[in-house]
Amino acid sequence: MTVKKFNLPDVGEGLTEAEIVSWKVKPGDTVAINDVICEIETAKSLVELPSPYAGTVAELLVPEGITVEVGTAIIGISDNAPDEAAPASAPVAPLAAQPAAPASPAAEQVFEASMYGKLPEDPGTSDGGPAGGPLVGSGPKADAVKRRPRKRPEVVASVVAAASAAATASATPAAEPSAPARTVELAAPAPAGGRSAAATQGATTQETATQAPGLTGLGATVSGIVNRVLAKPPVRKIARELGIDLADVVPTGTRGEVTREDLVSYQSQRDAELDQADKFWGASKKPQDQRVERIPVKGVRKATAKAMVESAFTAPHVSIFVDVDASRTMEFVKRLKASRDFEGIKVSPLLILSKAVIWAAARNPSVNATWVENADGKGNAEIHVKHYMNLGIAAATPRGLMVPNIKDAQDLSLKELALALNELASTARAGKTQPAQMQGGSLTITNVGALGIDTGTPIINPGEVAIVAFGTIKQKPWVLDGEVIPRWITTLGGSFDHRVVDGDLSARFMADVASILEEPALLLD
């Protein structure tokens, strides 16, 4: 019986080391080819490693939490058939995509054809963009529903008991008013507990829009919006007993209503936060040098920090801000939610902003470009304008900040883009984003509004020249046609590489993005 040792492969482009996060097998387990044996964290993402051999796990050569270099033996697998010829020990194929072709020089001319698509003089060339470190930016928190802690038995028991009593007392629960629900999802819900009114538009905010009889027009519709959380009477009774404000709970019901399970998870989250708060400061009698938590900087966080420093001190940043009346975007999102074509698809204002960025980049091509130093090998720089949009969406994940991108986003319909955004967010929050999904980005959106933040000055991702920060959307007094009325207002912030994008171009780009949020019908042009 022979024991084959599997060496840590390069699962990305230029990977030098990785951390063994968790083993999925133990000595004595039987594995087949391509069975997942462990998870590793690279400088870009969390990756599952498949076994290149079939047999029995003989030994684990590297413990969890240890960082090793590529080529280091990490596991030994014994052959179950000693009399047969041993299978070839071919290393596992890299999980990342093949390197992109080098970018072609940007032509010094005005293109009359469409911005996106292949250049007419070079139909076979595709600019894959830079494939450096992970893209960075300020992103939303992970989905509160995904990150909820394990339900504590005593909390579950108390809530279930209260629910049973309430259900017995109310044999036939009254139906909730059948008002249309508006779910405003800005990439990721904010953490449960203690939400302020400003943060209501971040996360998943459940609102029921009702319009008074006789009121017509957008202004009347917005003015007539009344917040009401959907929940059945037994659930409301449990919430009252536990002292929970239903508006603070992320709903997961089929109609957007708060369920009993939502209350259980929310209570568990609240208890966990209180427990952590009580224990955070530690024993006050201990010396201060014994109350310092030391967190190693490695993996995604290490690569992110390096990339942000390089970007901040290499590209001269210039920032622009604009307040936008997004009331028509909110109304458009509401109509999409009610459409049968978008049934079962999460739709949020981020979808409209993504379309707006793609549309505005086609009108201002230089924001969708890369500055390349020493492009000709003689010290001369070039600007590579990309005739495609790999749209990056910054997302906070359990492994750190990541910016996966949607390839060729300019070719997607509104529905296809919504599906791509949902898939990107769910994959990132699960920590399953692959290195290839974070390479070759051309322009990034960071959704700080999901945290209740008005706007910010994000740092440009390496290899790009522009990034747009999407602030929270909330009702504010707004002057329209000489009258002060409540409108849904957001603030956009944009950072640009001043070597490529000057003040005039950045202003025109941000104005074009704002015009779509103010009037989404312009996308029909």
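How many bridges pair S1 with strand S8 (residues 73-78), and in which sense do the two strands run? I started there. S1 and S8 pair in the antiparallel sense, over 5 bridges. I keep in mind that this is a predicted model.

I looked up one residue pair first. Val 3 has Ser 78 as its bridge partner in S8. Then I traced the sheet around the pair. It is an open sheet of 4 strands, in the order S1-S8-S6-S3, with antiparallel pairing. Strand S1 (3-7) and S3 stand at the edges. Each has a single partner strand, so one side of each lacks a neighbour in the sheet. As background, I noted that strands of a sheet pair through backbone hydrogen bonds, either parallel or antiparallel.

**Entry: strand S21**

Next I went to S21, residues 483-497. Is S21 largely enclosed or largely open? I find 12 of its 15 residues buried, so the rest of the structure largely encloses S21.

I then listed pairing partners of S21.

- Strand S11 (residues 317-325) pairs with S21 over 9 bridges, in the antiparallel sense. His 317 has Asp 497 as its bridge partner in S21.
- Strand S19 (residues 466-470) is joined to S21 by 5 bridges, and the two run antiparallel.
- Lys 476 has Arg 487 in S21 as its bridge partner.

How many residues lie between S20 and S21 in their hairpin? I count 2. Asp 481 sits in that turn, with a positive phi of about 55°.

I moved on to helix H7 (residues 327-338) and helix H8 (residues 349-363). Their axes lie 9 Å apart, at an angle of about 115°. H7 and H8 are therefore roughly perpendicular to each other. The crossing of H7 past H8 is right-handed.

Which residues meet between H7 and H8? From H7 I noted Thr 329, Met 330, Phe 332, Val 333 and Leu 336. They meet Pro 349, Leu 351 and Ile 352 in H8.

**Entry: salt bridges**

I looked up the total: 11 salt bridges. I checked several pairs one at a time. Side chains of opposite charge can pair when their charged atoms come close.

Lys 24 and Glu 39 meet in a salt bridge at 3.8 Å, N to O. This pair links distant parts of the chain, 15 residues apart. Lys 24 is in the loop between strand S2 (17-23) and strand S3 (30-31), while Glu 39 is in strand S4 (residues 36-41). Is Glu 39 buried or exposed? Its relative accessible area is 9%, so I log Glu 39 as buried. Lys 24 comes out at 45% relative accessibility, so I log Lys 24 as partly exposed.

Lys 237 and Glu 241 form a salt bridge at 2.5 Å, N to O. Both are in helix H4 (residues 233-242). They are 4 residues apart, so about one helical turn separates them. Lys 237 is partly exposed at 31% relative accessible area. Glu 241 is partly exposed too, at 47%.

Arg 508 forms a salt bridge with Asp 504, the closest N and O atoms being 3.0 Å apart. Both residues lie in helix H10 (residues 503-518), 4 residues apart, about one turn of the helix. I noted 40% relative accessible area for Arg 508, which counts as partly exposed. Asp 504 is partly exposed as well, at 48% relative accessibility.

I also found a network: Glu 373, Asp 497 and Arg 499 are joined by salt bridges that share partners. Asp 497 was already in my notes as the bridge partner of His 317 in S21.

**Entry: positive phi at two asparagines**

Asn 34 is not a glycine, yet has a positive phi of about 80°. Where is Asn 34? I place Asn 34 in the loop between S3 and S4. Its relative accessibility is 55%, so Asn 34 counts as exposed.

Asn 374 also has a positive phi, of about 50°, and is not a glycine. I found Asn 374 in the loop between strand S12 (369-372) and strand S13 (382-385). With 41% relative accessibility, Asn 374 counts as partly exposed.

How values were computed: Residues numbered from 1 in each chain as written. Predicted model: local features only at pLDDT ≥ 70, side-chain atom pairs only at ≥ 80, totals over all residues. Heavy atoms only, no water. Buried < 20%, exposed > 50% of the residue type's maximum accessible area, 1.4 Å probe, protein only. Pairing = 2+ DSSP bridges. Salt bridge = Lys/Arg side-chain N within 4 Å of Asp/Glu carboxyl O. Axes fitted to C-alpha atoms, helices over the stretch in contact; angles between N-to-C directions. Parallel < 35°, antiparallel > 145°, perpendicular 65-115°, else oblique. Left-handed = near helix turned anticlockwise from the far one by under 90°. Contact = heavy atoms within 4.5 Å.
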